[in-house]
Amino acid sequence: MTDSKRDYSRREFLKTTGAAGAGLLAASAFPGTLAAQAPDRVPNRPFGKTGVQVAILSLGGMFDIPNNQLLMRQALKWGVTYWDTANSYEGGNSELGIGKYFARYPEDRKLVFLVTKSTAWTVKGMSDHLDLSLERMQTDHVDLFFVHAIRNISSMDKDRQRWGEKAKADGKIRLFGFSTHSNMEECLLGAAELGWIDGIMMTYNYRLMQTDRMRRAVDACARAGIGLTAMKTQGGGQVLTGSAEELKLGGRFLQSGYTEGQAKLKAVWENPQIASICSQMPTMALLAQNTAAALNRTKLSADERNALENHALAGASGYCAGCTDICEGALPAAVPVGRVMRYLMYCRSYGSREFARRRFNALPAETRILMGRLDYTAAEARCPQKMPIGRLMREAAADLA
Ligand code: SF4
């Protein structure tokens with residue numbers, strides 16, 4: 001949610017519900033003040049058929065953990081015991097921050113379901129990354145290790161299967177799987193066939209969960225006993241229309257006692273096939289808001305679910321669904337459309353402009369130049385979301401460079 005939308009939502013809410021609504025908003029932001037029947041700590045769910053229970057809210061580690069140690073402490077107090085990081089996050093500082101925390105509170109390691117990831121292309125590289133991750137985090141094992149950001153299930157080949165089995169036998173990892181934000185449905189369907197994937201983290205939100213393809217993919221993984229963690233659950237898009245309808249959506253949920261962002265989390269949790277939601281929560285306020293949503297047992301009404309579904313349909317052409325095989329395969333030259341769409345989302349929906357610029361400028365210079373000049377007509381014709389790909393790639397080339 002952008003700041004302007006948050007401000008608008010709050011104004012609309014106060015206009016329609018007055019001081020009582022303001023009190024409700026304050027209550028929903030702090031877990032201890034929720035409805036009397038709510039539990040004190042974020043509940044757990046089974047992680048597929050692994051036999052492991054995980055907190056339904058996971059702390060994403062793409063932020064300055066070394067300087068936010070109190071936030072980690074508070075997360076554990078509220079039951080946010082599933083921590084997610086990656087070898088690459090914050091140039092290694094995310095893992096170092098977790099290590100700093102465990103050095104100070106070694107007894108807390110037993111409470112945490114700890115996940116890290118590697119983007120290494122080789123199994124040797126994965127071994128090196130894993131050893132470095134363990135050293136940085138001052139632990140002898142991680143609970144789940146992901147091959148990071150795969151685009152095709154062929155990445156999970158026999159070599160990686162053997163690597164995972166050995167790392168488990170060596171006691172360095174308990175569970176093994178992958179994360180994906182490209183071609184998620186195909187990756188999930190393929191994983192369900194493999195028989196040795198323990199867990200997956202994938203882009204999943206109130207937009208994507210409406211499609212038959214995603215429903216089939218999630219069903220297949222649930223039947224195969226694979227634990228699923230949803231990420232990018234706010235469904236932030238690349239084109240922000242700022243329409244009155246879009247802005248009023250937030251006010252609608254506040255009348256029920258939760259924010260638009262909390263409603264989007266609830267929509268995902270209402271699918272019991274999803275074990276957990278991974279959310280970047282770099283501030284205590286956001287941690288409190290998301291924890292409140294996890295503690296709140298009120299279900300979305302049919303009207304609220306319809307509102308989200310209609311919002312998803314109306315804004316389809318402003319949201320990239322990550323089906324990169326479709327558009328990138330239609331381009332006359334290699335441009336990572338899906339990745340650049342993500343960077344635009346970080347900039348425009350998350351408000352993380354500097355982070356988006358850093359990621360964008362890590363692309364090869366020739367790719368960035370090519371991006372602004374390429375003909376995207378064929379890709380746009382194939383895009384199921386009908387996105388203005390050419391316009392967005394040119395905007396990214398101009399705005400993020
Ligand atoms: S631009 Fe369109 S085709 Fe390409 S990944 Fe996004 S939604 Fe899919």
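This is a predicted model: local features need pLDDT of at least 70, side-chain atom pairs count only at pLDDT 80 or more; totals for chains, interfaces and linings use all residues.

Reader: What does Trp83 touch, leaving out residues up to four places away in sequence?

Author: Among its contacts are Leu59, Met72, Ala75 and Leu76. Trp83 also touches Ile98, Tyr101 and Phe102, as well as Val112, Phe113, Leu114 and Val115.

Reader: Now a helix, please. How far does helix H7 reach from its first C-alpha to its last?

Author: Helix H7 covers residues 212-224, 13 residues in total, and reaches 18 Å. That is close to the 18 Å expected at 1.5 Å a residue.

Reader: Which residues of H7 are buried, and which are exposed?

Author: Met214, Ala217, Val218, Ala220 and Cys221 are the buried ones. Looking down the axis of H7, you find these buried residues within an arc of 155°, so they line one face of the helix. On the other side of H7, Asp212, Arg216 and Arg223 are exposed.

Reader: What do the buried residues of H7 pack against?

Author: Their partners are helix H6 (184-194), strand E8 (199-203) and strand E9 (227-231). Just after H7 comes Gly225, which takes a positive phi of about 80°.

Reader: On to charges. How many salt bridges does a search of the whole structure find?

Author: The general idea is that side chains of opposite charge can pair when their charged atoms come close. In this structure, the search finds 20 salt bridges. One of them joins the side chains of Asp128 and Lys124, at 2.7 Å from N to O.

Reader: Where do Asp128 and Lys124 sit in relation to each other?

Author: Both belong to helix H4 (residues 123-137), and being four residues apart there, they are separated by about one helical turn. Asp128 is partly exposed, with a relative accessible area of 38%, while Lys124 counts as exposed at 55%.

Reader: Which parts of the chain does the pair of Glu328 and Arg151 tie together?

Author: The side chains of Glu328 and Arg151 meet in a salt bridge of 2.5 Å, N to O. Glu328 lies in helix H12 (residues 324-328), whereas Arg151 is in the loop between strand E6 (142-147) and helix H5 (158-169), so the pair ties together parts that are 177 residues apart in sequence. Glu328 counts as buried because its relative accessibility is 19%, and the cut-off for buried is under 20%. Arg151 is partly exposed at 32%.

Reader: Is Arg160 buried or exposed?

Author: Arg160 counts as buried, at 8% relative accessibility. Its side chain meets that of Asp157 in a salt bridge, 3.9 Å from N to O. Asp157 is partly exposed, with a relative accessible area of 30%.

Reader: Which residues are linked in a network of salt bridges?

Author: That network links Arg348, Arg391, Glu395 and Asp399.

Reader: You gave a positive phi for a glycine. Which residues other than glycine have a positive phi?

Author: Let me show you two cases. Gln138 has a phi near 55° and is found in the loop between H4 and E6. Asn183 has a phi near 50° and sits in the loop between strand E7 (173-180) and H6. Gln138 counts as exposed, at 51% relative accessibility, but Asn183 is buried, at 2%.

Reader: To finish, where is Val268 found, and what is it in contact with?

Author: Val268 is in helix H9 (residues 260-269) and is buried, with a relative accessible area of 0%. Leaving aside neighbours within four places in sequence, Val268 is in contact with Tyr204, Asn205, Tyr206, Met209, Ala230, Thr233, Ile274 and Ile277. The C-alpha atoms of Val268 and Gln234 are separated by 9.7 Å, and these two residues are 34 residues apart along the chain.

How values were computed:
Residues are numbered from 1 along each chain as its sequence is written. Side-chain values use heavy atoms; hydrogens and water are left out. Contact means heavy atoms within 4.5 Å. Helices (H or I, at least four residues) and strands (E, at least two) are DSSP runs, numbered from the N terminus. The expected span of a helix is 1.5 Å times one less than its number of residues. Buried means under 20% relative accessible area, exposed over 50%, partly exposed in between (1.4 Å probe, protein chains only). The arc is that of the directions from the helix axis to the C-beta atoms. A salt bridge is a side-chain nitrogen of Lys or Arg within 4 Å of a carboxyl oxygen of Asp or Glu.
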